[in-house]
Amino acid sequence: MSRRYDSRTTIFSPEGRLYQVEYAMEAIGNAGSAIGILAKDGVVLVGEKKVTSKLLQTSTSTEKMYKIDDHLACAVAGIMSDANILINNARVQAQRYTYAYQEPMPVEQLVQSLCDTKQGYTQFGGLRPFGVSFLFAGWDKNYGFQLYMSDPSGNYSGWKAAAIGANNQAAQSMLKQDYKDDIMREEAVQLALKVLSKTMDSTSLTSEKLELAEVFLTPSGNVKYQVCSPDSLSKLLLKFGVAQLFTEAS
Amino acid sequence: MSIFEYNGSALVAMVGKNCFAIASDRRLGVQLQTIATDFQRISKIHDRLFLGLSGLATDAQTLYQRLLFRHKLYQLREERDMKPETFANLVSALLYEKRFGPYFCQPVIAGLGDEDKPFICTMDSIGAKELAKDFVVAGTASESLYGACESMFKEDMEPEELFETVSQALLSSVDRDCLSGWGGHVYVVTPTEVKERILKGRMD
């Protein structure tokens with residue numbers, strides 16, 4: 001690992017690597033994990049909340065999941081302040097598209113434009129890359145439900161199931177084993193919670209440590225992004241048998 | 001010929017008891033020729049906020065799209081809908097931005113604010129707000145509308161009576177104006193529901 005080539009984003013190392021981008025990905029590896037699963041009737045996003053303290057002022061806003069437009073949402077892993085800038089960027093891009101074309105922005109186009117922004121910070125300007133990875137979940141009339149993952153380098157690809165953040169490799173291999181192509185939303189929620197419970201470091205799984213959001217079509221045909229309330233989430237954890245009770249005998 | 005009279009329009013908003021009504025005509029014309037009889041002049045910003053735009057139709061459409069853009073971003077960032085008073089300030093600011101090349105529109109804003117208190121206001125094409133407690137009017141038929149509303153308006157009307165009053169005021173005023181008419185479109189909004197009704201008037 002050559003230290004001479006890592007202080008500037010805008011130079012390659014002799015081995016052909018961009019160290020700043022790789023260090024950004026390291027930062028994300030320490031952040032709370034997030035899992036996304038594409039189902040036939042929707043997309044499921046589950047996130048692990050790292051910041052839990054009794055002193056924290058609980059509000060209705062979420063820590064890991066953000067709505068970008070009515071038909072698009074994302075889960076974040078990494079430096080929150082960097083994520084806020086990019087999410088705001090994404091929201092404005094989506095609205096600009098709607099203003100120009102009077103229709104919702106296609107999911108891949110939004111992901112692409114955001115990744116173009118991220119790429120800019122790896123090639124010019126001398127500024128460090130964003131230390132965030134995203135999981136984008138959305139629906140458009142061209143390709144239906146989609147799930148995309150993007151990283152600090154500005155690379156993105158479409159996935160059937162993906163994991164970002166801490167222990168993402170373990171989560172990814174577990175998803176590879178258990179994912180089925182014709183999975184429905186409820187099973188996807190179950191799978192996501194199961195995988196997250198196995199890869200999370202914490203000893204007990206409660207609704208305070210998790211966030212669950214889904215993108216699906218309502219019976220009237222509109223796309224809806226919904227965050228699960230803590231009560232429903234607790235019920236789901238019990239239902240799927242992943243909530244580890246404190247009084248469980250060894 | 002004034003640019004404000006190019007397409008023809010009539011808009012009125014009235015306050016009732018914990019409710020409001022906003023109504024418009026349905027004609028879209030190009031000076032003397034009528035080209036549409038189902039033109040939507042009133043748009044929903046959110047469930048408790050409606051915006052009517054009179055004047056040049058192309059500016060009305062663009063202005064509405066810009067306002068929707070701003071409101072959507074506000075909703076995403078603040079995680080709540082905009083209050084009518086705030087929205088009125090936004091419209092006023094947006095119009096004044098174009099002080100020396102304005103949008104040829106006169107907006108009418110109607111919404112339910114905090115504690116379901118109805119809020120109505122209108123402004124000129126460069127954003128001078130006019131808040132009123134009873135009714136506001138706009139469009140080519142505005143002079144007739146002022147007269148009709150002044151005589152027909154009563155305070156604290158229930159939604160059904162408010163609907164009748166607004167409809168009568170609108171239809172009688174557009175009948176005196178050749179550039180507006182071809183029926184009416186009335187929205188009566190209470191804290192629990194939004195009732196949309198089409199009026200059949202003199203189809204000319």
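Okay, let's start with a helix in chain B: the buried residues of α4(B) are B:L162, B:F163, B:T165, B:V166, B:S167, B:A169, B:L170, B:L171, B:S173 and B:V174. Keep in mind that this is a predicted model. So what covers those buried residues of α4(B)? The cover includes β1 (10–15), β2 (20–25), α3 (142–152), β11 (184–189) and β12 (194–199), again from chain B. The helix itself runs over residues 159–174, and its 16 residues reach 22 Å from first C-alpha to last, close to the 22 Å expected at 1.5 Å a residue.

Now over to chain A. Here we have an open sheet of five strands, paired antiparallel, in the order β3-β4-β5-β6-β7. β3 (65–69) and β7 (156–158) of chain A each have a single partner strand, so they're the edges, with one side of each left without a neighbour in the sheet. From one strand to the next, the twist averages 25°. Lying across β3, β4 (72–78) and β5 of chain A is helix α2 (80–101), at about 20° to β3(A).

Last bit: how do the two chains meet? Chain A brings 13 residues to the contact and chain B brings nine. The area buried between them is about 1100 Å², with 59% from carbon and sulfur atoms. A:R91, A:Q95 and A:Y99 supply 52% of what chain A buries against chain B, more than any other three residues. There are also two salt bridges between the chains. A:D70 forms a salt bridge with B:K72, with the closest N and O atoms 3.3 Å apart.

Methods:
Residues numbered from 1 in each chain as written. Chains lettered and ligands numbered in written order. Predicted model: local features only at pLDDT ≥ 70, side-chain atom pairs only at ≥ 80, totals over all residues. Heavy atoms only, no water. Pairing = 2+ DSSP bridges. Helix = DSSP H or I, 4+ residues; strand = E, 2+ residues; numbered from the N terminus. Axes fitted to C-alpha atoms, helices over the stretch in contact; angles between N-to-C directions. Contact = heavy atoms within 4.5 Å. Expected span 1.5 Å × (residues − 1). Buried < 20%, exposed > 50% of the residue type's maximum accessible area, 1.4 Å probe, protein only. Buried area = accessible area lost by both parts, 1.4 Å probe. Salt bridge = Lys/Arg side-chain N within 4 Å of Asp/Glu carboxyl O.
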